[in-house]
Amino acid sequence: MPRSIWSGAISFGLVNVPVKLYSAVSRKTVRFHQLHDSDHVRIQQKRVCPADGEEVPYDNIVKGYEISPDKYVVIEPEELEALDPKKTRAIEIQEFVDLDEIDPIYFDHPYYLAPGTGASKAYRLLMSAMQETNKVAIARVVIRQKENLVAIRATGDVMTMATMVFHDEVIDPGTIDEVPDEDEAQVSKREVEMAQQLIDSLTADFEPEKYHDEYRERVLELIEAKASGEEITIQPPEEPAKVPDLMAALEQSLAAAKGSGGDGKAAATTRTRKRSTPSSGNGSKTTAKKKSSSSSGGGSRSGSKASSSKK
C-alpha cells in the first residue's frame, strides 16, 4: 500500500482543504553495479583531489559555482539556507486555467492528492467544482526546501498534482538548427491527404495497458538466461528497409495498414525475436536479438524471475 510523502492543505481564497500527497508513478529500471572485470568485486568510488591525489573527507568538501574556467564562487550552507523558500504546508492556488491552454511539455512529475483527515466533503466540493468548470488549478508549493509550480486536476475520483517546469527552463525549438522552415520542406496536398489517411487507419482508443517497456523485459530475460548458465550469442541488428521517396513510403504504409485488419484500429506489428535452442545437451545457447517495437506494445512476456529495482 503506498504511503503519503507529504501532507498539507490546498488553499484558495479563505478555503483550506487538507490533503495528503502520493507519488502517482513508480518508475522501473534495471540497474547495474560497476565491478572489477577480473574478480567481479564491486568498485568503490572515492572523492579524490586531483591536485595532490589524496582522498578528501566529506567534511572538507564545500559547494562552488563555476563563473569562468577553473574559477569558482564558494557558497556556504548557511547562505543557501537563508535563501530557502518559506516553509509552509499550503498548496497556494494562484489561478484557474483551461487544460488545453497548457502545453504538455511543462508537466514534470505526477502525484495524487487524497483528502486529509476530516476533509472529505471540502475535497469533494473542490473536485466537483473543477470538474464542472473543466478548470485546472495553477499553484505553488514548497516540498523538500524547493518551491514548485504545480497543476492540479480533477480526474475521476481523485485529484492529481503535476509539478511543472518554469517557462525559462523550456528550450525554444527555434534554437534547433535542424528544424526546417516552410520554404525548405514544402509538401503537396496529395501527400498530406495520404498522411491523413494513414493516421486514420492507425487511429485507436488509447489503452495504456497495451504498452510495456520491452527493452527492460528483454534485459531481465537476458539476466535470467545468463544466471541459469545459458550461453548468449549476439547477432547484428537488422538494417532498416530503404524506401525510395516519401510518397512511396506513404503508399506502402497505407497499403500495409489496410491489409492488416478491417476495423480501422491500429494493428500490432510485432516481430518475434529469433531464438535458437538445442534439443538436448548442456551447452544450451540462447540467441539475443534486437526486436522492433510493436505498435501496440505487444502482450506481456512470461514473468521473469529477475525483478527490476526501483529508483
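Student: Why does Phe-96 count as partly exposed?

Tutor: Phe-96 has a relative accessibility of 37%. Buried means under 20% relative accessible area and exposed means over 50%, with partly exposed in between (1.4 Å probe, protein chains only). Since 37% falls in between, Phe-96 is partly exposed. Phe-12, at 25%, is partly exposed too.

Student: What should I know about the model itself?

Tutor: This is a predicted model, in which local features need pLDDT of at least 70 and side-chain atom pairs count only at pLDDT 80 or more, while totals for chains, interfaces and linings use all residues. Residues are numbered from 1 along each chain as its sequence is written, and side-chain values use heavy atoms, leaving out hydrogens and water.

Student: How many aromatic pairs are there?

Tutor: There are two aromatic pairs. In the pair of Phe-12 and Phe-96, the ring centres are 6.4 Å apart and the planes stand at 85°.

Student: What makes that pair edge-to-face?

Tutor: Rings of Phe, Tyr and Trp (its six-membered ring) pair if their centres lie within 6.5 Å; planes under 30 degrees apart are stacked, over 60 edge-to-face, and the rest tilted. The 6.4 Å distance is within the limit and 85° is over 60, so the pair is edge-to-face.

Student: Why do you say that this pair ties together separate parts of the sequence?

Tutor: Phe-12 sits in strand β1 (residues 6-12) and Phe-96 in strand β6 (residues 90-98), so the pair ties together parts 84 residues apart in sequence. Helices (H or I, at least four residues) and strands (E, at least two) are DSSP runs, numbered from the N terminus.

Student: And why is the pair of Phe-206 and Tyr-211 called stacked?

Tutor: Its planes are 25° apart, with 6.1 Å from centre to centre. That angle is under 30 degrees, so the pair is stacked. Phe-206 is exposed at 65%, whereas Tyr-211, at 39%, is partly exposed.

Student: Which residues touch the most other members of the largest nonpolar core?

Tutor: Of its 21 residues, they are Ile-10, Ile-91, Leu-113, Ile-152, Met-159 and Met-161. Among the elements that each supply at least two residues of this core are β1, β6, β7 (107-115) and β10 (158-164). A second, separate core has seven residues, including Val-97 and Leu-149.

Student: What makes a set of residues a nonpolar core?

Tutor: A nonpolar core is a set of buried Ala, Val, Leu, Ile, Met, Phe, Trp, Tyr and Cys residues joined through side-chain atoms within 4.5 Å. In soluble globular proteins, nonpolar side chains tend to be buried together.

Student: Is Thr-160 buried or exposed, and how do you know?

Tutor: Thr-160, in strand β10, has 13% relative accessibility. That is under 20%, so Thr-160 is buried. Its contacts (heavy atoms within 4.5 Å) include Tyr-111 and Ile-152, not counting residues up to four places away in sequence.

Student: Why is Leu-198 called buried?

Tutor: Its relative accessible area is 15%, under the 20% limit, so Leu-198 is buried. Leu-198 lies in helix α3 (residues 189-201), and among the residues that Leu-198 touches is Ala-257, not counting residues up to four places away in sequence. The C-alpha atoms of Leu-198 and Ala-257 are 7.4 Å apart, although 59 residues separate them along the chain.
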